[in-house]
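This report goes through the strand pairing, the charged contacts and the aromatic groups of one model. The sequence and the structure come first.

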Amino acid sequence: MKKTIISIFLALFSVICSGKDNGALKFLGIPIDGTESQFASKLKDKGFTYNSLSESYKGQFNGKNVDIYIHTNHNLVDRVYVAFPYTSEESIRIEFNTLLCQFYDNGKYLDLSMNEEIPEKEDISYEISVNKKRYQASFSYFDPDQDKVAFMNALLDKFSDFFTKDQLATLKESMDAPVSDQESLQAEVPAKVLAMGLVPSGDETADQERFIRFLAAYYDGMKSLADGDVWFMIHEYYGRFQIGLYYDNIHNQAHGEDL
């Protein structure tokens, strides 16, 4: 359990501290922000052409000829949707699993959803039509240019059920080090977390339950603090299958402010 908790915190620091000048979530290097016309202009600069019938931008992405759709909220781009070409059931399994591996290898995103590949023998058509199964994978994006101390303080607040107020205050004090000391923080913070009670108590059942609750708090906390979501799913239409890929700028999405 100790090693698992340490690896969680190390993964956290590697994601939010190692990136440089990446900024907001991007699609093909274009920030998912600004007005639709601004975003569309940059898409056209990359060779995409507008199709008035589908109201999409056609071009090549990740080795495929795709359709790009731009969604806005209050005139700010909050989602870019990529529609891949329709294909067969066998091919869609390969495309889904390949795309999943590509995101794992990318390094810019963090899997907080425990994504899984589609098994070779699985009847995708049957599962979708009969069992209403949803084939989806999602990854979280964290802006490495954000205030890392504020981020960690907000994340530590998610663990209020595991630590006292004094213990949380002590952990937050560890985040006051300058950016140049981030490497030492990668060892200091996990060590302090362990020292404050996330060590085995001797009751195996209680330890397992507590560890599961800790992981749930971690994953829920991280998801709530993400700056962007990148996710994809399989769409089925009369026996034909398609990958739909979504890039979401969480900050530009509606959060109930219009209610």
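Two strands are taken to pair if DSSP finds at least two bridges between them. The model under discussion is a predicted one, and on that criterion strand β3 (residues 49-51) and strand β4 (residues 56-61) pair in the antiparallel sense, over three bridges. Asn51 has Ser56 of β4 as its bridge partner. The hairpin that β3 and β4 make has four residues between the strands, and in this hairpin Glu55 takes a positive phi near 55°.

Strand β4 also pairs with strand β5 (residues 64-73), again in the antiparallel sense, here over five bridges. Tyr57 has Ile68 of β5 as its bridge partner. The hairpin of β4 and β5 has two residues between the strands, and Asn62, which lies in the turn, has a positive phi of about 50°.

**Salt bridges**

| Asp67 (17%, buried) | Lys58 (34%, partly exposed) | 2.5 Å |

Glu90 and Arg93, by contrast, both lie in helix α3 (residues 89-106), three residues apart, which is about one turn of the helix. An α-helix has 3.6 residues a turn, so residues three or four places apart point the same way.

**Burial along a helix**

Which residues are buried in helix α5 (residues 148-157)? Lys148, Phe151, Met152, Leu155 and Leu156 are buried there. Seen down the axis of α5, these buried residues fall within an arc of 130°, and they therefore line one face of the helix.

**Aromatic groups**

A pair of aromatic rings is described by the distance of the centres and the angle of the planes. With a cut-off of 6.5 Å between ring centres, the count comes to 17 aromatic pairs. Tyr237 and Tyr238 form one of these pairs, with 4.7 Å from centre to centre and 85° between the planes. Planes over 60 degrees apart count as edge-to-face, so the pair of Tyr237 and Tyr238 is an edge-to-face one. One aromatic cluster is formed by Phe96, Phe103, Tyr104, Tyr109, Phe139, Tyr141 and Phe232.

Tyr237 and Tyr238 also belong, together with Tyr86, to a nonpolar patch on the surface, and the accessible area of the three residues together is about 410 Å². Is Tyr238 buried or exposed? Tyr238 counts as exposed because its relative accessibility is 74%, and its place is in the loop between β9 (228-237) and β10. Tyr237, at 46% relative accessibility, counts as partly exposed.

Methods. Residues are numbered from 1 along each chain as its sequence is written. This is a predicted model: local features need pLDDT of at least 70, side-chain atom pairs count only at pLDDT 80 or more; totals for chains, interfaces and linings use all residues. Side-chain values use heavy atoms; hydrogens and water are left out. Rings of Phe, Tyr and Trp (its six-membered ring) pair if their centres lie within 6.5 Å; planes under 30 degrees apart count as stacked, over 60 as edge-to-face and the rest as tilted. Buried means under 20% relative accessible area, exposed over 50%, partly exposed in between (1.4 Å probe, protein chains only). A salt bridge is a side-chain nitrogen of Lys or Arg within 4 Å of a carboxyl oxygen of Asp or Glu. The arc is that of the directions from the helix axis to the C-beta atoms. Patches are made of residues with over 30% relative accessible area and no salt bridge: like charges are joined within 9 Å, nonpolar side chains (Val, Leu, Ile, Met, Phe, Trp, Tyr) within 5 Å. Accessible areas come from the Shrake-Rupley method with a 1.4 Å probe; for residues, only the protein chains shown count as cover.
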